[in-house]
Number of protein chains: 2
Amino acid sequence: MSELNVFDKNFLLLLHLAKNCGLDRSCRLSTLKLSNEFGGSQQTISRKLRELEEAGLIERFPYSSGMELVITSLAKKYLKTYLNQIQRLFDEPELIGSIVGKVRSGLGEGAYYVSLSQYMKQFREKLGFTPFSGTLNLEVNEVEFQKILLNLTPVKIDGFKTRKRTFGSINCYRVKIKNYNRAVLMIPKRSVHKGNVVELIAPDVLRDELNLEDGDELKIDF
Amino acid sequence: MSELNVFDKNFLLLLHLAKNCGLDRSCRLSTLKLSNEFGGSQQTISRKLRELEEAGLIERFPYSSGMELVITSLAKKYLKTYLNQIQRLFDEPELIGSIVGKVRSGLGEGAYYVSLSQYMKQFREKLGFTPFSGTLNLEVNEVEFQKILLNLTPVKIDGFKTRKRTFGSINCYRVKIKNYNRAVLMIPKRSVHKGNVVELIAPDVLRDELNLEDGDELKIDF
DNA sequence: ATTACTAAATTCCGAGTAA
DNA sequence: TTTACTCGGAATTTAGTAA
């Protein structure tokens, strides 16, 4: 982390100072007081304050028993960018859309296809996990569902041929269900289902993980 | 800073990860990719990720060319507390009140009192600066002004006696004017002014620093 | 390709102390 | 009392590799 600037390196200390002084006022403190409050030795605080001052992030004015300290507008600007960065994380749920479906029991075809090694290998490679060889079937509103898919880029699992038959490609979409975020929705090019039934795979058994029974309503976030 | 926890120590890395992955999704990356993006060596990133994982701040799932990474709800909670801390800094201007006054030229009495060594010594000790031996006179609305003072704790400059006469104590209030935050408003116990005129001192010449002329309106933040 | 171990290089910290 | 310097030791980083 050699390229870290003084602000980044001392972010926590500066935050502590700002909490003490406010952003628009000066406050009086000493290196010893700070070392007790913030941690570290008096010497280390002394050095860090010198670094911060040299970088133009604080201003110090000696004072008979310590110093008067001011957070500069440069430091304020830095703090603001951090604020914005973290805020953005919480502001944007990065949710393209949600859809509610009903849990249905399948006939086990999904499980068969998923377990094929040619698919399995690609799941591991492209999704980052080995799926449980079974699927969760979900009945959804086809129109709403298609609308959401238009805004998403699928992870594509290639099809393959054997001597006996051809297996189509599968479009996969990462989804989040409650707090579980490793589920993947599969849309096979040639589906055995009508358009209103979708299948989910995951590294875990979703029925157990999410405590589901047939008929349960389930919200999926894309 | 030995008492820093894993989160604090790796706050910036975790923020970087969160920006990449989002708070509710997983993302795929490798230690090499991260070391290029974030800085530091592949080895250092590897170690830090292990630390973060051990502390329950991230979860990792091996993947053929790297790993799949998830920000845990614990890390989310930490990020949220930081967000709140920084937000509070910007939310609360810590402004008790403001008042607008008009710049007036004084007769130089203020300058005389300020320059007295018995006062000057205390200014240095209690305010943290050596004031310019002159004051800026400001005409204010007395009622509004008194209302604000009620909510403030003054820095008290003690009075003293000489053989010839007695000098009263002075209440001082730190104020902010535009971006200048080292000005101090003085309220002498026995003032030569009527209650609608106040005097300001500062380590710098306020008239020059703030580019002021008689009659100018000036906003003071407490 | 990866991740991660070991060991050497480097950085950082803090006790002692001067000013 | 302060702040800040020196310097030895601790902690961190990274190069070289193994797996």
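## Rings, charges and DNA strand D

B:Lys80 lies over the face of A:Phe90, 4.9 Å from the ring centre. Here, a charge sits over a ring if NZ of Lys or CZ of Arg is within 6 Å of the ring centre and within 35 degrees of the ring normal. The charged end of B:Arg182 sits over the ring of A:Phe61, 3.3 Å from its centre.

This is a predicted model: local features need pLDDT of at least 70, side-chain atom pairs count only at pLDDT 80 or more, and totals for chains, interfaces and linings use all residues. Residues are numbered from 1 along each chain as its sequence is written, chains are lettered from A and ligands numbered from 1 in written order, and side-chain values use heavy atoms, without hydrogens and water.

Now the DNA. In total, 17 residues surround DNA strand D (a heavy atom within 4 Å). A:Thr31, A:Gln42, A:Arg50, B:Thr44 and B:Arg47 are the closest.

| Residue | Distance to phosphate oxygen |
|---|---|
| A:Ser46 | 3.4 Å |
| A:Arg60 | 3.2 Å |
| B:Thr44 | 2.8 Å |

Back to the rings. One aromatic cluster is formed by A:Phe7, A:Phe11, A:Tyr78, A:Tyr82, B:Phe7, B:Phe11, B:Tyr78 and B:Tyr82.

Conventions:
Polar contact = N/O pair within 3.5 Å; in protein donor to acceptor, adjacent residues only side chain to side chain. Phe/Tyr/Trp six-rings, centres within 6.5 Å; stacked < 30°, edge-to-face > 60°.
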